[in-house]
Amino acid sequence: MTGNGRRVLRGIAATALVGVLGAGAVACGDDSADSAGGSPAGLTAVLGTVPEADAGEVLTYTDVTATRKLVKQDDKLYGGLSAYGIPEVAQAAREKRPLKDTHGFDENDVSTSLGIGSDRWRLTGGFDVGAVTDGMKELGYTESATDGGTLLKDPNGGQVAVSSSVRSLSVSPDAPPPALAAPSAPVADDPAYQAVARCLGDTTYHATFFGKGRESQTPDVTLYAIGATAETDGTSRERLCALTVSADGARRTADKLRTATASGERFAGATVDAGSGATPMVTMEWANGPRARPGDQNRTMQLPQLLMNGR
């Protein structure tokens with residue numbers, strides 16, 4: 001493998017360690033085909049590409065098409081999202097080299113991004129398979145076939161799969177890239193994911209699902225996510241949705257979140273609702289601004305830490 005290829009993998013892996021920042025649509029959430037590559041668009045449709053085996057992973061959804069519009073609209077508020085949930089974009093910015101020249105695509109070709117854990121991504125849009133293949137081969141990758149597209153493999157770890165509408169990446173030597181085709185049993189069929197996605201709402205432009213099966217960390221919560229919406233007047237809000245295991249668990253969860261909403265705290269003025277029913281959905285909602293820009297939770301993890309530890 002070439003030195004350039006090794007630098008690419010190191011840079012992408014470093015980006016993954018600090019979290020992938022992403023955002024999405026000002027008006028998204030419809031499951032129709034996107035204009036770039038005929039792939040389904042919207043939060044629910046993208047969850048339909050995640051196999052059940054990855055239900056325990058942190059999933060970070062980004063609508064890249066609208067993120068570009070949001071960054072242009074207000075760079076101060078949305079500038080932290082300008083990597084668009086695409087790890088190679090951050091790498092190209094650091095190296096000051098056009099991504100199209102080195103990898104055969106750029107953010108203008110991407111409609112949605114899904115980060116799976118810290119080492120895998122699945123992008124939808126419209127891709128020039130030949131250009132992507134040539135770019136990765138220049139970086140030292142070898143070409144072979146995979147179901148529905150082309151597989152490009154780094155001999156020292158890391159793989160890329162690409163078709164005309166999907167590009168997926170793994171920087172782990174032990175894990176293949178996400179499949180180009182949607183699985184027969186996705187997390188979108190799970191009632192918990194369905195409930196949390198409905199709670200976030202159809203206009204969600206960015207969402208991070210923190211994974212099921214974390215009972216040792218969050219015994220009161222089955223699944224939670226943080227998603228953001230933007231209105232046409234430029235107002236941006238974020239919402240945390242936590243599906244709890246019981247009414248008592250919901251009260252405890254709401255009390256933890258309210259500690260961050262007091263006067264002088266970062267989320268002062270945010271609203272918290274403990275929900276209702278046997279397994280309530282606890283919600284917390286706040287307006288974005290200088291102290292709480294979209295995507296900040298990917299960096300600070302303040303609210304997830306409250307849910308886990310009560311600190």
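Colleague: Is Glu285 buried, partly exposed or exposed?

Modeller: Glu285 counts as partly exposed, because its relative accessibility is 23%. Please bear in mind that this is a predicted model.

Colleague: What does Glu285 form a salt bridge with?

Modeller: Its partner is Arg239, and the closest N and O atoms of the two residues are 3.0 Å apart. Arg239 is likewise described as partly exposed, at 27% relative accessibility.

Colleague: Where in the chain do Arg239 and Glu285 lie?

Modeller: Arg239 belongs to strand β10 (residues 236–244) and Glu285 to strand β12 (residues 281–287).

Colleague: How many salt bridges does the structure hold?

Modeller: There are 14 salt bridges in the structure. One of them joins the side chains of Asp248 and Arg251, at 2.0 Å from N to O.

Colleague: Which residues are linked in a network of salt bridges?

Modeller: Asp54, Glu57, Asp119 and Arg120 are linked in such a network.

Colleague: Let us turn to aromatics. How many aromatic pairs does the structure hold?

Modeller: The structure holds five aromatic pairs. Among them is the pair of Tyr78 and Tyr205, which is edge-to-face, with 6.2 Å from centre to centre and 75° between the planes. This pair links distant parts of the chain: Tyr78 is in helix α4 (residues 75–78) and Tyr205 is in strand β8 (residues 204–209), 127 residues apart.

Colleague: Are Tyr78 and Tyr205 buried or exposed?

Modeller: Tyr78 and Tyr205 are both buried. Another aromatic pair is made by Phe105 and Phe127, which are also edge-to-face, at 5.9 Å centre to centre and 70° between the planes.

Colleague: Where do Phe105 and Phe127 sit?

Modeller: Phe105 is in the loop between α6 (99–103) and β2, while Phe127 is in the loop between β3 (120–125) and α7 (129–138). The pair links distant parts of the chain, 22 residues apart. Phe105 is buried, with a relative accessible area of 0%, and Phe127 is buried at 8%.

Colleague: One more residue. Where is Thr112 found, and is Thr112 buried or exposed?

Modeller: Thr112 is found in strand β2 (residues 110–116). Its relative accessibility is 2%, so Thr112 counts as buried.

Colleague: What does the side chain of Thr112 make a polar contact with?

Modeller: The side chain of Thr124 is the partner in that polar contact, at 2.5 Å.

Colleague: Which residues does Thr112 touch, not counting those up to four places away in sequence?

Modeller: With that exclusion, Thr112 touches Val46, Thr62, Val64, Arg122, Leu123 and Thr124.

Notes:
Residues are numbered from 1 along each chain as its sequence is written. This is a predicted model: local features need pLDDT of at least 70, side-chain atom pairs count only at pLDDT 80 or more; totals for chains, interfaces and linings use all residues. Side-chain values use heavy atoms; hydrogens and water are left out. Helices (H or I, at least four residues) and strands (E, at least two) are DSSP runs, numbered from the N terminus. Buried means under 20% relative accessible area, exposed over 50%, partly exposed in between (1.4 Å probe, protein chains only). A polar contact is a pair of N or O atoms within 3.5 Å; within protein, one must be able to donate a hydrogen and the other to accept it, and residues adjacent in sequence count only if both atoms are side-chain atoms. Contact means heavy atoms within 4.5 Å. Rings of Phe, Tyr and Trp (its six-membered ring) pair if their centres lie within 6.5 Å; planes under 30 degrees apart count as stacked, over 60 as edge-to-face and the rest as tilted. A salt bridge is a side-chain nitrogen of Lys or Arg within 4 Å of a carboxyl oxygen of Asp or Glu.
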